Amino acid sequence: MSPSYFSAAIPEPFRILGLSLKPLSLGRYRLLRRFECAFVAEEEAAAGVSDLLLGGVICSMRVDEFLEKAGAASQGRLQREIRRWGRRVCPWAWISAVPLVGKWWRKHHAFDALEKMALFRRYLDEGSVVPKYWEEEGGGRSSGAHWAQSVEVVLRGELGWTAEEINEAPLSKALADYFRWAENKGLVRLMTAEEVAYVEERERDARNGEQPTASNQHPIGGDNGA
Amino acid sequence: MGLKLIGEVGLDGSGFESGLKRLGSSVKSFVATAFGLYGVQAAVRKTMDLAEELVTTSQRLGVGVEQLQVLRQAAKESSTDLGVLTSAFEKLDIAREKALGGGKEGAKLLGRFAQLGISAADLRSQTSADLFMGPMRNRANAMSQEELGPILRDILGRSFGQLLPVLQTDFEELEARMRKLGTIMDTDTAVKLDILGDQFSLLASIIAVNLGPALLRLAELLYKMVSGVSSTWAAAKAYVKKSPEGQIHDMVVAHGDRPWSKEEIAEFDRKRMNTGAMEGEAVAAAKDAGLAKFNEWMTGLEKIKEQLAAAAERLKNPVKPTFDPETTDDTKAKKVKLTQDRGGDALTRVGNFLGSSRNVLEEIGNRQVGFLKEIAYNTRRGPASGEGTMFPPV
């Protein structure tokens, strides 16, 4: 079992703008997509501070908790909680708009939007690691369904995951389980640690514009390493 | 199982639909508004401030934007102020100039540089940051602090002690770590943000120019109103004091516990009798004066409101040209009018300025990106005798 499986199952905890983020899960990914958070857009999109804040709020709560709070009945409660969070992160934020003192205040109290957005991007990237695999013959059929739906259907229908696990279990673990199931079905073959190292080296070379050399030939040979 | 799955997946899609509709048009803007728009604005402005600082400092020191961020982080991790580092770079440039300038002092400094593994060719071709992060750092890790101290003092000045921990940083490892964490702002982004900041300042100036006069008038009126209320209050106080009622009040207060004499009682009665008539006249006069003042203020406020609305309306489309018909046959007047029309009215001119300056800023930005990238990736300044060489050959 590769060590990446364990980090997929128990991902590194993230803390952004004072919020402890829960692991990115299929449920939270769905919420991010549903509420149009630009960080998970599949087409080209520009993410702003509001996307970061929305992402932070969604990923710091359980899925059912967010849905309950975002509902009309407890909308005021959510608003109050977010306002309190805003005051904690940027106390007396109006001072930032005052000439002369504003710049000093921003230097000491405001957060750097770009830095936090990069951190949130990293949270998403690390939380949605797809295991490296070789596609086996006949496994390349495409479907019109969104990948999230395909993964959920397999996890619940074939692997017995519950709605709670879909909502809360780390997405990287969900993907690891999904690809393991696909391997059992003969659709893909997961790479060995040696193959992963080889592919990563090839990717690095491709980025640096180098040609493959004798030392970085595919360890198991054949065409499926291309 | 299949049915159960479909049911639950469908529920996930629609369960919060009604809540979302009630929540408003956008959850994103709901969250941003609840967080505080000042906080959001402050975050964006801070990023712009950082970009501006990075671009300015990198230009001043001749260090690439990305290299500067690595140096800044190294300084931060060593509890060293970035100011000490920038001042050291400036001293390094002075020492370099002296070393390449020849003479006794130059020869001594050249020797000091040689002790750090820096040749005259290196001095001519590498930036301060390259020298600092390359040969100086390598030698700092290979030499003892006793050996290194005097050399660095001659080159970097007395603050060299604070720089020793920075020099021992593994810059490559630090840069890799920062890139992994996504904390390095690339040159393009920094310059674009810097330009955006300039455009915001420009926009703020334009708004101030257009709304300024009306706002000033509003301030004047508010001042008048405050002064009016203050003088009315003073007059009312004086009235109370000087009116028969006020005089009676004063008499009673001054009298205290002392028994009243016959004359005093008679005087008291006389004043009391006069009170009603005098008070009625004074109140009516004060009412008229107050009403007139109030009407004056309201007219002023209405005018200012109109001015602000007109200015705001024109700001919506500042580049809209004006095409007033000619009303005169006088050639000279026509010429003057045409000259005025070429730039439009004041707002159009400001708008055109904004438009043209945006292009200029973008052009400057592109040049800056090129320049800073050149510093970062191609710091060689050409052969000793070549064109554009910064320092003379030794």
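The charged end of Arg34(A) lies over the ring of Phe35(A), 5.9 Å from the ring centre. The model is predicted.

**Aromatic pairs.** Over all chains, the whole structure holds 13 aromatic pairs. One of them joins Phe120(A) and Tyr123(A), which counts as stacked because the ring centres are 5.6 Å apart and the planes stand at 25 degrees. Both residues belong to helix 7 (residues 113–127) of chain A, where they are three residues apart, about one turn of the helix. Tyr178(A) and Phe179(A) form an edge-to-face pair. The two pairs are set out below.

| Pair | Centre to centre | Angle between planes | Arrangement |
|---|---|---|---|
| Phe120(A) and Tyr123(A) | 5.6 Å | 25 degrees | stacked |
| Tyr178(A) and Phe179(A) | 5.4 Å | 90 degrees | edge-to-face |

Phe120(A) and Tyr123(A) are both buried, and so are both Tyr178(A) and Phe179(A). Together with Phe14(A) and Phe39(A), Phe120(A) and Tyr123(A) make up one aromatic cluster.

**Interface.** Contact between the chains involves 47 residues of chain A and 40 residues of chain B. About 3700 Å² is buried between chain A and chain B, with carbon and sulfur atoms giving 68% of this area. On the side of chain A, Arg34(A), Arg106(A) and Arg156(A) lose the most area to chain B, together 16% of what that side buries.

Three salt bridges cross the interface of chain A and chain B. The side chains of Arg106(A) and Asp49(B) form a salt bridge at 2.7 Å, N to O. Helix 5 of chain A gives the largest share of the side of chain A that touches chain B, eight residues.

Note on methods. Residues numbered from 1 in each chain as written. Chains lettered and ligands numbered in written order. Predicted model: local features only at pLDDT ≥ 70, side-chain atom pairs only at ≥ 80, totals over all residues. Heavy atoms only, no water. Phe/Tyr/Trp six-rings, centres within 6.5 Å; stacked < 30°, edge-to-face > 60°. Helix = DSSP H or I, 4+ residues; strand = E, 2+ residues; numbered from the N terminus. Buried < 20%, exposed > 50% of the residue type's maximum accessible area, 1.4 Å probe, protein only. Lys NZ or Arg CZ within 6 Å of the ring centre and 35° of its normal. Contact = heavy atoms within 4.5 Å. Buried area = accessible area lost by both parts, 1.4 Å probe. Salt bridge = Lys/Arg side-chain N within 4 Å of Asp/Glu carboxyl O.
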